[in-house]
Every structure is written in structure tokens, then in C-alpha cells.
Amino acid sequence: MYRDLLNKTVVEIKPSGIRRFFDLANTKKGVLSLGVGEPDFATPWNVCESAIYSIKAKHTHYTANAGLLSLRTELSHYLRKRYDLHYSPNKEMIITVGGSEAIDIALRAIINSGDEVIILEPAYVAYEPAVRLAGGVPVFIELKAENQFKLTKEELLEKITDKTKAIIINFPSNPTGGIMNKEDYEPLIPIIKEHRLIVISDEIYAELNYSSKHCSPAVFPEIRDLVVLISGFSKAFAMTGWRLGYLCANSIFVEQMLKIHQYIIMSAPTAAQYGAIEGLRNGQKYVDEMIVQYKQRRNLLVSRLNEIGLPTHMPEGAFYVFPCIKHTGLTSLEFCERLLEEQNVACVPGSAFGNAGEGYIRISYAYSIDEIKMALAKIEIFMEQFKKAN
Ligand code: PMP
């Protein structure tokens with residue numbers, strides 16, 4: 001009865017399809033979940049220790065709005081060393097509350113009511129609501145499995161209008177695990193430049209690229225100042241609960257984005273920032289160890305799922321596989337509901353990631369190899385029973 005008092009855009013936003021499905025899974029006991037998109041690893045202990053020391057040293061106050069200068073400086077070195085990206089710690093970076101806040105402030109700073117923002121589907125669930133909340137109009141491009149879920153020049157050109165303000169891209173991708181290499185970006189660069197499209201590039205899975213070195217669109221000098229790079233510590237350093245991310249862009253963009261951050265957030269968590277400095281300085285060996293394990297899990301999942309009769313392409317990044325279930329004749333929601341009902345295994349229906357996700361399910365391998373093996377055995381029984389019955 002009080003709904004009419006609320007903001008219409010907020011009321012119209014649907015709850016996340018992932019959340020809805022897991023609310024259902026939580027009503028059951030003993031569910032084996034391969035659903036969650038967060039690392040199963042604990043944060044490297046040196047990161048934790050640095051945060052603890054910072055509290056002992058009474059660094060318990062706000063930091064500069066943009067984040068500790070020492071963290072921004074460290075981040076600037078890290079981005080240069082790892083990805084050949086060049087951002088000034090003083091004017092081109094904001095330390096945010098997760099990549100999530102970075103996505104929000106980037107969109108709010110650029111969108112005028114009615115501006116169109118292109119989203120690539122299957123898409124991370126937060127993009128569409130974030131665009132709508134900022135007053136924008138989402139326009140979807142359905143990426144195709146036969147292109148390994150990469151964006152092509154033709155697909156982009158088809159959706160650009162005179163209202164297009166920006167495009168959100170996310171490589172390595174949640175949920176497909178798809179990546180874009182330098183050669184994949186090359187044909188897109190002149191189009192982005194000509195139409196002055198702002199590229200919100202969510203690179204939160206950059207460290208989790210198993211086949212090549214991650215390429216950011218910001219390495220192309222022609223569009224460097226049109227790119228808003230978004231990333232964070234959640235995935236690479238297994239720090240989801242610390243709520244720390246960042247945004248890098250040209251100084252004109254950053255100045256405006258910083259205003260929103262300054263008034264709404266003030267500064268990202270201080271202890272987390274001290275931990276992150278240590279992660280950037282001395283954490284790469286832990287990241288590398290995690291990558292070895294993710295890769296083993298990915299290889300196991302892809303080969304077993306294909307054997308079981310669920311065609312699964314080899315994803316090159318992130319920690320998700322995206323098997324095709326079209327041949328079962330079930331929708332992705334029906335498939336996941338039955339798998340949950342009959343075998344107590346929870347995966348995410350592809351439809352949670354938009355229309356282009358229909359016909360697929362998302363399986364996360366941010367789980368131990370033993371859990372993955374157990375779940376695979378159950379998926380195999382499910383598929384055998386399904387084949388017999390149909
Ligand atoms: N972008 C993508 C693609 C994600 O998968 C996630 C987390 N699931 C985020 C951004 C947000 O991450 P965080 O706020 O923890 O940095």
C-alpha cells in the first residue's frame with residue numbers, strides 16, 4: 001500500500017535472477033551449489049596482516065576521497081606493469097567500494113535522461129538496473145556462442161543510434177568466460193572513436209585469463225580517454241568481503257565521478273585499502289597459485305560436461321563455464337529447477353543474464369575440485385535419467 005510513494009524506476013526493477021534462484025535453493029537441505037560468483041579461496045594472509053597492522057597503528061579514519069595516495073600510486077605501477085596501462089595516481093583514479101560502486105558512479109556521471117547505453121548479453125546482472133537507475137535506456141546486443149561470445153563490428157554498428165552514449169563491456173566475461181584479445185578489439189576502435197562512445201570496461205576478471213595476457217581497450221591510444229576502466233580486488237585477490245574496487249579514466253571524467261563518490265561514500269574502507277597495498281606489492285604469487293587451480297577445475301568441468309552430453313565451450317577467462325542445454329528442450333530455469341529438485345545441485349539459469357543467456361546454464365568453478373567432482377557425478381545421473389525418460 002505504500003508502493004505508490006516510491007521511485008517508479010526502483011519499483012520496476014526486477015530482483016536478480018541469481019538471488020531468486022538461490023532463495024529457492026536455500027529452502028532445501030544439503031544442496032551442492034556451483035552457483036556463487038566469488039572465490040572460494042581465503043584472502044592471502046599477508047593482505048589480512050597488513051590490514052590488521054593498519055588498525056593497530058590506528059589508521060581507522062577516513063582516507064582521501066579518491067583513496068590513499070600510496071594505494072593509488074601502487075595501483076598505477078601495477079596497471080603499468082601488468083597491462084601496459086598508464087594512469088596518473090593523482091587525477092585519474094578513484095578507489096571505490098568494490099567494482100560495484102565504480103559501475104554506479106561511472107554511469108551516473110555520464111548519463112543524461114534518455115541516453116542509450118549498450119549492454120552485451122549474456123550480461124552481469126547489475127548492468128541493466130544500474131543503467132536504468134541512472135536514467136539511461138539499456139540497448140542489448142546478443143553475443144553469440146559461435147563467436148565465442150566476443151563482440152563483432154557488425155553487431156556494434158547495428159545498435160548505434162544518435163542517442164547512444166556508452167557501451168558496457170566485460171571481458172573476461174561473467175557469465176560466459178569469453179575474452180577479447182587485441183585483434184578482437186581492433187575493428188571496433190574506429191567505430192568507438194567516430195561515435196565518441198564511452199566504453200565502460202569492467203575488467204574485474206582481468207587476472208583470470210588462462211590463454212593470453214589480458215588486453216584492456218584503454219591500451220588503444222585513439223580511444224584511451226573514452227574508456228572508463230573498472231576493476232577491483234574481489235576476484236583477483238579473493239577479497240569480496242573487503243569491498244574494494246577502483247575506477248580509472250581521463251581526469252575530466254574522474255573529477256565529476258569523484259563528486260558522486262565524495263558526497264555519497266566519502267572514502268572506501270581504510271583497513272581494506274592498506275591490505276590492498278600489500279596485495280599489489282607482494283600478492284602476485286598467491287594470484288598465480290589460484291590461477292593454476294582455477295585452470296585445473298575449468299579443464300575438468302569442460303571435459304566432463306562434454307562427455308556427459310552438455311556441450312560446453314572452453315572459456316578463456318573468469319571462473320564460469322556456460323554449458324548449452326538447448327537440446328534438452330527445457331528452458332534454463334526448468335533445467336536448473338529440475339537439477340535442484342532431483343539431484344540437489346544448484347547452478348544458475350542462463351536466463352538470469354538476459355535473453356541471450358536462455359539455453360545455457362552458468363556453472364561457477366570457484367569451488368573445490370572435490371565439490372566439482374561430486375556435482376559432476378550428480379549432473380551425470382541427472383542427464384542419464386533425463387535421456388531415459390525422453
Ligand atoms: N563486475 C562483474 C562482472 C562481477 O562479476 C562482479 C561481482 N560478481 C562485480 C563487477 C562486482 O564486484 P565487486 O563489487 O565485489 O568488486
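**Notes on a predicted model**

1. C336 is a buried residue, with a relative accessible area of 0%. The structure discussed here is a predicted model, and the remarks below should be read with that in mind. C347 likewise counts as buried, at 0% relative accessibility.

2. A search of the whole structure finds 0 disulfides, and C336 accordingly takes part in none, the nearest cysteine sulfur being that of C347 at 5.7 Å. A disulfide is a covalent bond between the sulfur atoms of two cysteines. The sulfur of C347 has that of C336 as its closest cysteine sulfur, yet the 5.7 Å between them is too far for a bond; the cut-off applied to such a pair is 2.5 Å.

3. K235 has a polar side-chain atom 2.8 Å from a nitrogen atom of the ligand. Taken alone, the ligand exposes 400 Å², and the protein buries 92% of that.

4. Strand β2 (residues 93-96) pairs with β8 in the antiparallel sense over 4 bridges, and I95 has Y246 as its bridge partner in β8. Strand β7 (residues 227-232) also runs antiparallel to β8 and is joined to β8 by 4 bridges; here I230 has L247 as its partner.

5. A separate point concerns the open sheet formed by 3 strands in the order β9-β12-β11, with antiparallel pairing. Because β9 (320-321) and β11 (348-349) stand at the edges with a single partner strand each, one side of each is left without a neighbour in the sheet. Between β11 and strand β12 (residues 361-364) there are 2 bridges, and the two run antiparallel; P349 has I361 as its bridge partner in β12.

6. Two cis peptide bonds deserve a check by eye. One joins E121 and P122, with omega about 0°, and P122 is found in the loop between β3 (116-121) and α6 (127-133). Another runs from N174 to P175, with omega near 20°, and P175 lies in the loop between β5 (164-169) and α8 (182-185).

7. Most residues other than glycine have a negative phi, and most peptide bonds are trans. Against that background, D84 has a positive phi of about 60° although it is not a glycine; D84 sits in the loop between α4 (69-83) and β2 and, at 49% relative accessibility, counts as partly exposed. A318, also a residue other than glycine, has a positive phi near 60°. A318 is found in the loop between α12 (284-308) and β9, and with a relative accessible area of 0% A318 is buried.

Definitions and conventions. Residues are numbered from 1 along each chain as its sequence is written. This is a predicted model: local features need pLDDT of at least 70, side-chain atom pairs count only at pLDDT 80 or more; totals for chains, interfaces and linings use all residues. Side-chain values use heavy atoms; hydrogens and water are left out. Buried means under 20% relative accessible area, exposed over 50%, partly exposed in between (1.4 Å probe, protein chains only). A polar contact is a pair of N or O atoms within 3.5 Å; within protein, one must be able to donate a hydrogen and the other to accept it, and residues adjacent in sequence count only if both atoms are side-chain atoms. Accessible areas come from the Shrake-Rupley method with a 1.4 Å probe; for residues, only the protein chains shown count as cover. Two strands pair if DSSP finds at least two bridges between them.
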